[in-house]
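Have a look at the model below. Then read on for a short walk through some of its helices.

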Amino acid sequence: MASKNLNLSYVLNQYNSSDKLYGTVLQKIEEFKLLHPQRKLYLMTFGYTSQPLSPTVIQKLREGVTRLGDLKTYTSYEPVAGKSQLRELICCNHYQPLGVSLDPSEVFILDGAQSGLGNIQELFSVDDSVGIQNPTYPYISESHLSVGRHQIFTLDCDQDNGFLPEVPEQAIDLIYLCFPNNPTGAVATSEQLNLFVNYGMNHQSVIIFDAVYSQFVQTPDIPKSIYQLKNSKQCSIEINSFSKVANFAGLRLGWCVIPHELTVKNSFPGELNQMWNARSSIKFWGASNLAQIAGIAALSERGKQESKAIVEFYLKNVYLLKSALDKNGFTCFGGIDSPYIWVKAPDQLSSLDFFNRLLQQTGIAGMPGCLFGSCGEGYLRLSALGYREDIEEASLKLSNF
């Protein structure tokens, strides 16, 4: 007789309250649309990108489709770790300008960052403990609970510590860090990140660094990769994505870096890298041919310039929103090195009450901070990844809210 996966069942039951809360948000949005059919809704809840793929990417995708449609040029499966040209370009065109030297064999192509962040824990013992920022995206803890890992510690981030977690006092095996942070928009200096690298070296812990928003960094001297710090290759895995900087949210393409120098207490140098390759052969078998062709185009010299323009477009959006909020006296964070603004609820409103008041009065739907964890209560996240016209109209409404 078959039986259910108890760990996944546990996640379902454990997160029923979170699901209900998320459902409440969606229900409020649908009610607003039904009750106010003539009013415009400004959806700033999700990290959905709005701009089209760049001309260089479109051109290469068309060429790729033509090649796949021709018997003479058709190709089947790619290497499990990804196209060699794409892996080389990530090393040369993304990391080398940051002063980071990587070998292409240390880079693995993913179908977006989320699968990498959720699946990378398969490299480690189910008995390992995990440290996760609070607030953060809930799927990180859910992915660990779904395989039976229950030693999960929260690293609290609030206004008092600048939304930067303190280095844990106890020994934690795996630590997830996201900078620029989603949802708060906070960034970490080299000195602050170096405390975690030293912690990882001292405790033989592994830092899993989410660098998806690194290309949005504008503040001088803020690291865009954890590998810009000394010794970090010995204790860190980095995960990145094309989703926001090249509008690949629907194409699904990202990468992870597993340095040969990375070891844990019962491994030898290079073993974790080999294990991930084996895991990919068993469970993944590579990202889409076309998505990888698009990634190669995005990392070309012209493609990088076009991606830079995309990032600048979203940064102008977030500047407009933040200026409107500042003008109206809101306390808000982020909006400088990130396409998100973390807004403190006025009048000591709860996250949900603030969400509802803003929606009813302006038509702007943000994401209640409580959905990102207990430290998110009393805040609202606004995404600036939308259309410029909508951002301008919403900014005017925020100025008068």
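Predicted model: local features only at pLDDT ≥ 70, side-chain atom pairs only at ≥ 80, totals over all residues.

Residues are numbered from 1 along each chain as its sequence is written, and side-chain values use heavy atoms, without hydrogens and water.

Start with α11. Helices here are DSSP runs of H or I with at least four residues, strands are runs of E with at least two, and both are numbered from the N terminus. The expected span of a helix is 1.5 Å times one less than its number of residues. For the 12 residues of α11 that gives 16 Å, and its end C-alpha atoms are 16 Å apart, which agrees. Buried means under 20% relative accessible area, exposed over 50%, and partly exposed in between, with a 1.4 Å probe and protein chains only. S351, F354, F355, L358, L359 and T362 are buried in α11. They fall within an arc of 130° seen down the axis, so they line one face of the helix. The arc is taken from the directions from the helix axis to the C-beta atoms. Just after α11, G363 has a positive phi of about 85°.

Now α12, residues 388–399. Its buried residues are D390, I391, A394, S395, L398 and S399. The face turned away carries the exposed residues E389 and L396.

Last, S280 sits in α8. It counts as buried, at 4% relative accessibility. Leaving aside neighbours within four places in sequence, S280 is in contact (heavy atoms within 4.5 Å) with V80 and W285.
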